[in-house]
Amino acid sequence: MFCEKAVELVRELQRMSDGQLPAFNEDGIRQILEEMKALYEQNQSDVNEAKTEGKTELIPTIKFRHSCLLRNQRCIAAYLYDRLLRIRALRWEYGSVLPTAIRFHMCAEELEWFNQYKKSLATYMRSLGGEEGLDITQDMKPPKSLYIEVRCLKDHGEFEIDDGTVILLKKNSQHFLPRWKCEQLIRQGVLEHVIS
Amino acid sequence: MADALSEASDLSGGEESQEEDVLTPAELIARLEEAWLNEKFSPELLENKSELVECVMEQLTHMEENLQRVRKGDLKASIHRMEIDRIRFVLSSYLRSRLQKIEKFFPHVLEKEKSRADGDPSFLSPEEFAFAKEYLANTEVYLKAVALKHMPPNLQSIDMLKAVPQPCLDSFVFLRVKERQDNILVEPETDDQREYVVDLEEGSQHLMRYRTIAPLVASGAVQLI
């Protein structure tokens, strides 16, 4: 049956739980494009035949193939667009540098899109208000207290806080730090918020 | 929240009075909160409030500067620090929800902007407009490069306006009435029912379809909650 692969492609994303990015299914896309090409060529020859020899009985088949073509197009677009939305969410979660494991799952064009998106977002945030702009990827949760207890999950090296003190973030060490300085590190998985 | 803020401006010796805007800091923050809640709960993008955003940003920088002068270990300092954090959260959250809507509905947002008459205020701030345009161009280039250009010639373009879902204006929202409204049309008259009209008392709360009260949200007569 036509369009089966296209639906399979969409299902593949649907099956992943929210926000997870499976590897880019280049093979699937190529197969669908081939199917579309075949459908289109068959349609072309049938259209010619119908025109020159007046075979009106070919018209329903042509219409059917065209619907299949449209459906394939739509499924591919949905697949690609949904992936973009997931990639977008990654920018907000991990910051502008993505972990290699995730980059590995993206195709070259997706990386290009990501870089462009990153740039647009940065331009937008810089243009907000004063000279420095405002980083709106920070402050994701309403603040409850100024300082929070955090534990280091991996070695991160030295880290400077607002008043100039430098602390060493060593694995398994625990610190009491200003919340606004560690939000990013927590999301990157370097620090863990200890809730006692 | 507002108390500590006005105190912060006391520290600065009341420099706010020199601004053209006659809002007190407390009123400013109240406006921001109002805009924030409306934006957060309305299904569509509301009019931009870039002036308000700028004022709040200025206020924040101001407070930060004042904080620098405060003695270390002063209790006042940490309270103000907390205050700054809270305001910054509200501001970021407001801008974030706008940006999310722009990304979600980008073709429609841009279409609306295009069809806007010259005199009307824009729904997008210039920065948001630039962002939306870049987002659209970027996404189109991407779809083209990966799949569309490999498709048969008659299928190489996608109508973004049709492909991307529109904001659902019929979704229900909670609201509180700030100014009394008479004769709000909830259901128009049809063959088998009379038209359904309600009066909204000041201070009362309702759950209604967004479409019916959208103009009231824009004019500030009701507040989404």
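## Annotated domains

Which residues of chain B does UniProt list for "domain: GINS subunit"? The unreviewed entry gives residues 75-144 of chain B. In this predicted model, that span is 83% helix and 0% strand. Its end C-alpha atoms lie 58 Å apart.

Chain A has an annotation with that name too. For "domain: GINS subunit", UniProt lists residues 39-128 of chain A, again from an unreviewed entry. Here the chain is 82% helix and 0% strand.

UniProt places "domain: DNA replication complex GINS protein SLD5 C-terminal" at residues 167-225 of chain B, in an unreviewed entry. The make-up of this span is 17% helix and 44% strand. Its end C-alpha atoms are 19 Å apart.

## Where the chains meet

How many residues of chain A are in contact with chain B? The number is 45, and they touch 40 residues of chain B. The size of an interface is often given as the accessible area lost when the parts come together. Between chain A and chain B, about 3900 Å² is buried. Carbon and sulfur atoms give 70% of that area.

Polar links cross the interface as well. Between chain A and chain B, 8 residue pairs are in polar contact, with both residues at pLDDT 80 or more. The rule finds 1 salt bridge across the interface. A:Arg88 forms a salt bridge with B:Glu103. The closest N and O atoms of this pair are 2.0 Å apart.

## The chain A side

Which elements of chain A give two or more residues to the side that touches chain B? They are helix H2 (26-53), helix H3 (59-94), helix H5 (108-126) and helix H6 (179-188) of chain A. H3(A) supplies the largest share, 12 residues. By residue type, this side of chain A has 25 nonpolar, 10 polar and 10 charged residues.

## How confident is the model?

The model scores ipTM 0.77 and pTM 0.80. Chain B has an average pLDDT of 80, and 89% of its residues score at least 70.

Where in chain B is confidence lowest, and where is it highest? The lowest mean, 46, belongs to helix H1 (residues 2-11) of chain B. The highest, 90, belongs to strand S1 (residues 172-177) of chain B. Over residues 1-19 of chain B, pLDDT stays under 50. The model still has 35 contacts beyond four places in sequence for that stretch. Where pLDDT is low, the predicted coordinates should not be read in detail.

Terms used. Residues numbered from 1 in each chain as written. Chains lettered and ligands numbered in written order. Predicted model: local features only at pLDDT ≥ 70, side-chain atom pairs only at ≥ 80, totals over all residues. Heavy atoms only, no water. UniProt positions renumbered as here; feature names shortened; annotations may be inferred. Helix = DSSP H or I, 4+ residues; strand = E, 2+ residues; numbered from the N terminus. Contact = heavy atoms within 4.5 Å. Buried area = accessible area lost by both parts, 1.4 Å probe. Salt bridge = Lys/Arg side-chain N within 4 Å of Asp/Glu carboxyl O. Polar contact = N/O pair within 3.5 Å; in protein donor to acceptor, adjacent residues only side chain to side chain. Nonpolar A, V, L, I, M, F, W, Y, C, P; charged D, E, K, R; others polar. pLDDT = per-residue confidence, 0-100.
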